[in-house]
Amino acid sequence: MKKNLLDYSLEKLGSELASSGFKKFNATQIFEWVYQKRILDFEQMTNLSKTLKEYLVKNFSVHLLNEITRQTSVDGTTKFLFSLDDLHSIETVLMTHDYGLSLCVTSQVGCNMGCTFCASGLKKRVRNLSVGELVSQIVSVEHLLGVKITHIVVMGTGEPFDNYDNVIDFIRVINENKGLAIGQRHITVSTCGIVPRIYQYAKEPIRSNLAISLHAPNDDLRNQLMPINKRYPLRDIMKACEVYFEETSRRITFEYILLKGENDDIKHADELSDLLRGLNAYVNLIPYNVVNEFSHQKTEISRAMAFYDRLTKRGIVATLRKEQGSDINAACGQLRLNSEGQ
Ligand code: SAH
């Protein structure tokens with residue numbers, strides 16, 4: 001099997017080329033062709049020498065993902081079902097915003113976190129996605145639609161901090177100026193709260209955004225909703241967030257799904273604002289997207305507004321997230337391992 005070019009950072013490709021007798025700067029030329037001019041066929045890279053082209057054809061290929069299905073929502077959100085080389089399938093979601101195009105990228109085949117509201121966890125993790133498979137979600141969608149993706153959220157199936165090294169290398173590749181050049185502030189990684197990785201993320205040279213899936217303001221409730229909380233309770237997450245903020249000065253997004261009768265009372269809004277006070281926090285209130293296998297219900301809009309008002313009145317910056325793509329099961333928490341049942 002040929003090596004997947006999309007697995008390589010600029011630096012790694014440069015070293016690989018140098019060790020085969022080519023020049024380091026050839027890597028820059030190749031990055032410009034693949035990521036900027038969108039030419040994936042080495043033969044067409046006119047400024048490369050004949051020997052380099054032959055070497056590339058023999059040893060490398062650009063692995064695009066295989067599109068199985070594509071569904072487009074009434075609001076323009078598009079969900080792709082892709083198959084990987086080993087025939088596992090993953091979902092990737094494209095969203096249109098007034099500020100650009102944002103791609104929700106999957107980080108694992110299946111997920112082990114077992115959150116009680118999320119369809120992605122219905123199938124246990126099968127394996128991590130490689131760097132090339134992460135990058136290929138962007139390159140494949142750009143190719144299929146002829147668009148330029150401007151924002152990335154690592155919020156598809158899987159826990160990105162359970163595939164930490166590949167996710168960080170992925171960020172390095174897509175942030176590269178000679179490549180896709182997606183700015184660090186346009187990339188967001190969302191975690192259910194794997195504490196040691198939050199500390200590690202705080203030290204990364206590329207300062208992409210951090211989002212924490214919180215969903216409950218106290219341990220009792222969070223233990224019920226998210227089993228990972230028994231391992232990393234709120235106190236530890238908040239401490240890690242403080243350190244992250246000291247290190248990066250970056251605002252942290254806290255995601256909070258409103259679940260009817262469970263975590264959406266005014267007293268929860270009070271508890272949440274106490275928990276986050278002093279942190280540079282931004283709360284994203286998310287309407288619950290129904291997953292048939294679970295019994296949770298969606299908070300009605302008036303109650304969601306009351307929750308939002310209470311938070312803002314108590315000095316917490318918040319938004320009530322607009323739901324996108326739920327008619328095609330492409331909304332948060334509705335992505336799953338296979339397309340069955342949809
Ligand atoms: N594992 C990571 C990233 C994937 S989830 C994490 O936990 O952050 C991305 C977001 O979708 C998270 O905030 C998650 O909690 C939310 N989500 C999951 N199921 C949902 C549902 N049924 N309705 C609305 N949001 C959901």
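1. Phe 22 is buried, and Tyr 55 is buried too. Buried means under 20% relative accessible area, exposed over 50%, and partly exposed in between, with a 1.4 Å probe and protein chains only. This is a predicted model: local features need pLDDT of at least 70, side-chain atom pairs count only at pLDDT 80 or more, and totals for chains, interfaces and linings use all residues. Residues are numbered from 1 along each chain as its sequence is written, and side-chain values use heavy atoms, with hydrogens and water left out.

2. Next, the aromatic rings. Rings of Phe, Tyr and Trp (its six-membered ring) pair if their centres lie within 6.5 Å; planes under 30 degrees apart count as stacked, over 60 as edge-to-face, and the rest as tilted. The count by this rule is nine aromatic pairs. One of them joins Phe 22 and Tyr 55: a tilted pair, 4.9 Å centre to centre, with 45 degrees between the planes. Phe 22 lies in the loop between α1 (10-19) and α2 (25-36), and Tyr 55 in helix α3 (residues 50-59), so the pair ties together parts 33 residues apart in sequence. Helices (H or I, at least four residues) are DSSP runs, numbered from the N terminus.

3. Tyr 8, Phe 22, Tyr 55 and Phe 60 form one aromatic cluster.

4. Now charges over rings. The rule asks for NZ of Lys or CZ of Arg within 6 Å of the ring centre and within 35 degrees of the ring normal. The charged end of Lys 37 sits over the ring of Trp 33, 3.8 Å from its centre. That of Arg 197 sits over the ring of Tyr 164, 5.8 Å from its centre.

5. Ser 136 is in helix α4 (residues 131-145). Ser 136 counts as buried because its relative accessibility is 1%.

How values were computed. Helices (H or I, at least four residues) and strands (E, at least two) are DSSP runs, numbered from the N terminus.
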